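Let's learn to read a couple of features together. Have a look at the picture first, then we'll chat.

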Amino acid sequence: MALAETSAILPGNWRPLRLATLVGLRWLAIVGQTAGVLFVQFGLNFPLPLTECLMLIGLSVLLNLWVIFRLGEGYRPPTTVATVHLSFDLCQLGALLALTGGLQNPFSLLLLAPVSVSATTLPQRSTVILATLAIALASLLSVYHMDLPWDPDSRIVFDRVYVIGIWVSILCGTIFIAAYTNRVAHEARQLADALAATELALSRHEQLSALDGLAAAAAHELGTPLSTIALAAREIRDEVPEGPVREDIELIMSQAARCREILGKLRSLRDTPGDPFAAVPVSALLAEVIKPLEGGGKVISVRTGAGSGSGSEPVIGRNAGLLYGLGNLIDNAAQFAQRAVLVEASWDKQALTVTITDDGPGFPTDLITRLGEPYLTTRPRSADSGEPGGLGLGIFISKTLLERTGAKLSFENEAADGHARVRLIWPRAAIEQP
């Protein structure tokens with residue numbers, strides 16, 4: 001499960017660049033270009049088209065200012081946008097080199113910089129585009145360019161073979177960076193992703209182990225107080241005549257018995273082999289889950305159906321974690337529902353889907369994306385103590401247990417005015433039993 005989640009977070013092993021990184025690299029280029037142009041003009045007294053050069057540098061300044069105020073430095077542009085930014089940097093540098101000697105300018109080596117940034121951070125397609133653009137610019141600069149700024153009292157001439165050698169070196173460097181560096185960076189990203197997935201899997205395993213231990217400890221510690229409550233209630237019931245008080249005492253006894261049943265399930269959260277009823281149809285499993293929740297004043301209905309060509313009803317593995325997780329979600333829906341809860345099961349050849357929908361106020365929109373985190377509760381505070389109505393562990397525990405069975409959970413509101421819906425999807429190959 002952890003590997004799938006990591007793969008979903010990092011599609012294609014590409015981590016999008018922050019806009020601040022592109023902007024920062026461009027500011028560095030702007031400072032270097034400005035210093036170089038001014039030093040050649042005023043430090044070395046070599047004539048060059050200063051106005052045109054500063055205008056090209058000014059384009060980079062304007063682009064930086066525009067993207068900062070329009071998008072913000074924390075924005076992560078998609079692949080296409082990042083490629084366009086680096087293409088602009090290549091073209092701006094190529095134009096500046098065309099004004100200052102072309103490939104004869106020793107700074108022509110900087111044509112490799114945008115390609116190297118792409119090779120280490122962007123997908124292979126972007127790197128190929130930028131490498132092709134760099135080679136095209138180098139080829140044009142080898143033919144079309146103004147003279148290299150030099151001392152007007154002396155004349156410098158570069159042999160044609162030397163210029164061709166510079167062109168070949170830039171060509172080879174571009175191909176090397178686009179191919180070899182991109183490959184090395186890709187393997188490094190794969191290794192980092194594998195390590196992150198392993199850490200996530202270990203973390204989830206530790207959470208599951210801690211959850212089992214916590215459940216067993218809770219069942220052990222609460223067993224004795226519940227037995228005492230049941231015993232005391234039974235003795236009081238025997239001494240109280242028929243009437244409302246006796247009915248309340250019997251209600252206490254029935255709820256204590258239900259608590260002991262729940263604790264029994266908590267003791268057996270790990271799968272127990274050898275159960276003759278370990279595999280049941282999904283409709284029978286839902287009926288078993290709903291049975292203890294009936295009689296609470298809310299109507300809980302089940303609807304099952306299959307899509308066309310979906311085959312027979314799935315027979316799924318019955319285990320305590322699955323029963324407890326589904327039961328907790330349905331019970332939570334019943335507590336927030338106004339009148340009814342609908343549990344729907346549908347299946348096709350690939351997946352089994354179960355949705356739980358209530359007619360209550362729905363999930364708070366600002367918390368939907370965080371549902372399933374521990375200690376996150378939407379229950380109102382108690383009027384007496386001012387404390388939250390729950391610990392916020394119910395959905396977390398249910399989500400953890402159900403994901404152990406291979407389920408993928410999502411939370412949403414069916415309508416704008418509420419009606420919370422929980423959707424669970426299992427691959428049939430992961431949950432179905434022969």
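**Rings and helices**

A: Let's start in helix α7 (residues 160-239), where F176 and Y180 are 4 residues apart and so separated by about one helical turn. Helices here are DSSP runs of H or I with at least four residues, numbered from the N terminus. This is a predicted model, where local features need pLDDT of at least 70, side-chain atom pairs count only at pLDDT 80 or more, and totals for chains, interfaces and linings use all residues. Residues are numbered from 1 along each chain as its sequence is written, and side-chain values use heavy atoms, leaving out hydrogens and water.

Q: How many aromatic pairs does a search of the whole structure find?

A: The search finds 4. Rings of Phe, Tyr and Trp (its six-membered ring) pair if their centres lie within 6.5 Å; planes under 30 degrees apart are stacked, over 60 edge-to-face, and the rest tilted. F158 and Y162 are stacked, at 5.6 Å centre to centre with 15 degrees between the planes. F176 and Y180 have centres 5.1 Å apart and planes at 20 degrees, so they're stacked too.

Q: What angle do helices α9 and α10 pack at?

A: Two packed helices are described by the angle between their axes and the distance between the axes. Here α9 (residues 282-290) and α10 (residues 320-336) pack at about 60 degrees, with axes 9 Å apart. Axes are lines fitted to C-alpha atoms over the stretch in contact, and angles run from 0 to 180 degrees between N-to-C directions.

Methods: Helix = DSSP H or I, 4+ residues; strand = E, 2+ residues; numbered from the N terminus.
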